[in-house]
Amino acid sequence: MQLMVSPTQTSNRPRPPGQAVVARLACLAVQPILARVVRRVAQEHPALFARLGPYQGADFLIDPIELPFALHLRPDPQNLSFRAVPRSMLPDATAIIRGRFLLLLELVDAEQDGDAAFFSRDLEITGDTEAVVRLRNALDDMDGSIAQEAADMFGPPGRAILSRLRRNYQEVEGATAS
Amino acid sequence: MSLAELICPAGTPAALRTAVDAGADAVYCGFQDATNARNFPGLNFTPQELEEAVAYAHAKGAKVLLALNTYPPAGKVDLWRHAADTGARIGVDAFIVADMGVADYIARTHPQMRLHLSVQAAASSPEAIRYYCENFGVKRVVLPRILTIPEIRQIRKEIPCEIETFIFGNHGLMVEGRCSLTNYLTGQSTNLDGVCSPASDVEYVRDADGSMSSKLAGFTIDRFGPDEKAGYPTICKGRYQVAHRPDGYYAFEEPISLNLARLLPELIDAGVHAFKIEGRQRSKSYVRSVVSAFRNAVDDIRAGREADIGNLVALTEGQKQTQGAFATKKWR
Amino acid sequence: MTKLTLGPIAYHWSADQRRDFYARVADEAPVDEVYLGEVICSKRAPFQEADLPSIIERLERAGKKVILSSLAEVMLKRERKATEDLSEMESPEIEINNAAGLYARGTRPHRIGPFMNAYNEATIRWMASKGATHVCLPTELPAPSIAVAARMARDLGLGVEVQVFGRASLAVSARCYHARSHGRTKDNCQFVCEEDPDGMPLRTRDEQPILRINGIQTQSEGYLILLQELPQLVADGVSHLRLMPQAVDMVAVAEVYRAVLDQSMSTEAAEARLRQVCADTPFSNGFYHGQAGYRRIAQASLA
């Protein structure tokens with residue numbers, strides 16, 4: 001359906017050697033967590049898919065620049081897929097969303113007004129802009145916080161990790177902002 | 001003193017609940033089709049969602065206004081009629097209309113329904129407003145964002161209906177309902193399809209020197225330096241060149257946000273009945289912060305207190321804001 | 001018999017230019033009806049008013065029907081007054097471009113101008129019930145809708161008009177973009193729009209021509225040209241074809257359209273002739289074909 005963009009065309013940051021192995025291991029570690037999270041979200045929020053319209057089969061590549069891997073989302077209700085992929089093996093995608101991890105998390109949670117970040121340099125959008133706008137609007141129609149729901153699935157340790165993550169990033173934010 | 005109702009945007013059911021919870025007196029929304037002027041991908045309501053939303057709003061004492069504010073092209077009028085029928089069946093509190101044929105249909109078929117005249121009808125004089133009041137029984141006009149407060153005060157004296165004005169959000173430059181810029185470049189019409197600079201035609205292209213071009217249907221609407229903040233390619237917010245401005249300039253308007261926080265008391269005094277917040281395409285977090293801030297401000301003013309507008313000004317922090325035409329004729 | 005009309009001059013041409021222009025139109029242009037009056041900017045109107053009676057007389061003497069067009073934007077006192085005054089006229093006919101004019105005119109006969117958003121049959125029926133005798137359809141209306149709208153208008157006994165030549169009006173504003181480009185405001189414009197008799201060209205930052213500024217109005221860069229589409233328009237019941245005055249030889253333009261309507265010139269020859277007359281200006285017909293307005297859909301692809 002939509003035109004595909006290749007992540008290699010747009011990502012030109014140099015990677016240190018040896019990172020590939022770390023990345024692959026990291027992917028293996030997070031894979032089951034991602035699968036559980038996305039299944040839960042799909043169960044709780046079925047209306048999300050309708051808002052994606054013709055983009056249910058689209059491939060979204062969500063690329064948190066400071067993590068060793070990117071996330072590949074195909075929000076197809078029949079065959080839902082959300083997986084971590086090492087940077088050396090990124091698939092072609094309908095749209096690529098690239099930015100700092102907490103910013104991406106905040107956008108997913110509608111903690112942050114996407115308009116500002118989405119179309120500023122904080123976030124880089126490549127590929128089909130309509131796909132991204134649809135995903136944004138679909139996620140925005142969900143009550144509550146996906147990140148919080150995901151953290152809750154893993155009980156107190158999950159919540160602790162999330163809050164530490166948020167705190168860490170806020171500190172980084174504060175340091176860079178001043 | 002007028003009521004100063006707060007009219008808030010809802011692009012999704014979640015945003016509607018957020019607006020109601022944050023203190024909206026009324027929310028406005030539309031169906032997922034060309035019958036409203038924010039027919040954007042992934043946005044708006046199915047009839048079932050609207051029904052649930054109306055129940056939620058009514059339970060909390062808020063009204064729901066349905067935007068049917070585009071212009072049906074000949075041969076497709078039934079889509080607008082059905083939308084009006086559905087809205088009436090669900091029990092929305094008013095329709096916001098622009099097209100005379102649509103207004104006439106509702107006035108004849110659903111005479112009990114309240115009609116508001118959309119900003120898309122571009123009624124900017126007492127005579128134009130009276131035309132809609134006398135012919136279709138319009139109860140409220142949403143004024144174009146081109147009038148000064150003294151002009152609004154004067155209009156109020158000469159019309160038989162309520163006035164709603166925009167107080168916050170995206171700042172439209174062209175006379176609403178008279179703009180085919182998007183259709184000229186993309187083939188999708190603002191008036192007929194409810195589309196403005198559609199995402200499907202948007203592209204960001206990084207140039208060799210690190211600068212970025214934002215494009216609409218292949219036309220460069222703006223180009224940004226490596227450290228410059230990039231904007232969405234809305235045609236009337238783009239930078240262009242003319243012979244005597246070869247470096248490029250905002251030919252129509254800079255990307256800027258309307259914020260009339262400081263003018264609220266004056267607007268109330270001028271007889272404005274309702275304040276409208278723009279932004280059905282914006283996120284829940286925008287709705288939450290803007291609605292609650294204006295709720296507090298309006299409550300303070302109604303109670304005779306000095307409103308704390310610090311919060312309101314902060315809402316557009318980092319982004320340019322303007323009082324547009326409201327404060328001075330020099331804007332024109 | 002399909003009529004050719006000459007729309008109102010959108011630009012701030014000087015009084016001398018206007019006098020000469022209409023003298024030549026009266027003597028040479030094969031158009032049936034001519035719209036006069038300032039539609040875009042109320043500040044310009046005083047420059048033309050003195051000459052208006054003699055121009056009307058000159059055109060009518062040459063057998064042209066004259067119609068006076070009203071302002072598209074009505075907000076200021078002088079604009080409201082101008083609209084009201086025009087609405088009081090018994091003759092010539094008037095064309096209304098703002099709901100303020102409809103209010104003042106009541107049910108007395110009038111024409112509906114292209115700024116009135118008469119997009120559909122329901123609206124046209126409503127307008128006819130209030131005294132409209134003629135409707136000019138909005139430029140962005142695609143062919144299937146033109147057909148439906150034209151049928152309704154004809155059934156109601158209305159004239160139906162479609163623009164077939166000249167820049168399309170794409171937007172109007174309360175703000176003057178001519179003045180803005182020179183660092184001035186509308187109240188302090190010094191009539192700088194007079195410098196651009198065919199609009200001020202805007203180019204993108206990579207040098208692509210895109211739009212034209214005419215005071216508060218934004219126009220298409222391309223001339224909207226419907227030529228190969230004329231037989232269909234006529235078959236659909238469109239009774240009047242509008243040529244918008246541009247800073248080119250408008251007599252030659254009118255002759256081309258007249259010849260095509262009379263079937264004494266092929267559309268290929270007509271297009272070649274227009275190409276000569278209009279120099280490098282791009283031609284477009286995208287709106288009619290339901291595509292981006294700037295596009296030019298070639299004849300071959302229509303077959």
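This is a predicted model: local features need pLDDT of at least 70, side-chain atom pairs count only at pLDDT 80 or more; totals for chains, interfaces and linings use all residues.
Two pairs of chains are in contact. Of these, chains B and C share the most contacts. Chains A and C are not joined by any contact. The closest C-alpha atoms of chain A and chain C lie 18 Å apart.

Chain A contains eight helices and five strands. Their order can be followed from the N terminus: α-α-α-β-β-β-β-α-α-β-α-α-α. Chain A has 178 residues, and 34% of them count as buried. Contacts within chain A were also sorted by separation in sequence. Among those between residues at least 6 apart, 71% join residues at least 24 apart.

In chain B, three strands form an open sheet. The strand order is S8-S9-S10, and the pairing is antiparallel. Strand S8 (202-206) and strand S10 (219-224) of chain B stand at the edges. Each has a single partner strand, so one side of each is left without a neighbour in the sheet. On average, neighbouring strands of this sheet are turned by 25° against each other, direction ignored.

In general, strands of a sheet pair through backbone hydrogen bonds, in either a parallel or an antiparallel manner. The pairing of S8(B) with strand S9 (residues 212-216) of chain B is antiparallel and runs over five bridges. One residue pair can be located here: Val205(B) has Ser213(B), in S9(B), as its bridge partner.

How values were computed
Residues are numbered from 1 along each chain as its sequence is written. Chains are lettered from A and ligands numbered from 1 in the order in which they are written. Two strands pair if DSSP finds at least two bridges between them. Helices (H or I, at least four residues) and strands (E, at least two) are DSSP runs, numbered from the N terminus. Axes are lines fitted to C-alpha atoms, for helices over the stretch in contact, and angles run from 0 to 180 degrees between N-to-C directions. Two residues are in contact if their C-beta atoms, placed from the backbone, lie within 7 Å. A residue is buried if 20 or more other C-beta atoms lie within 10 Å of its own, exposed if 12 or fewer, and partly exposed in between; C-beta atoms are placed from the backbone.
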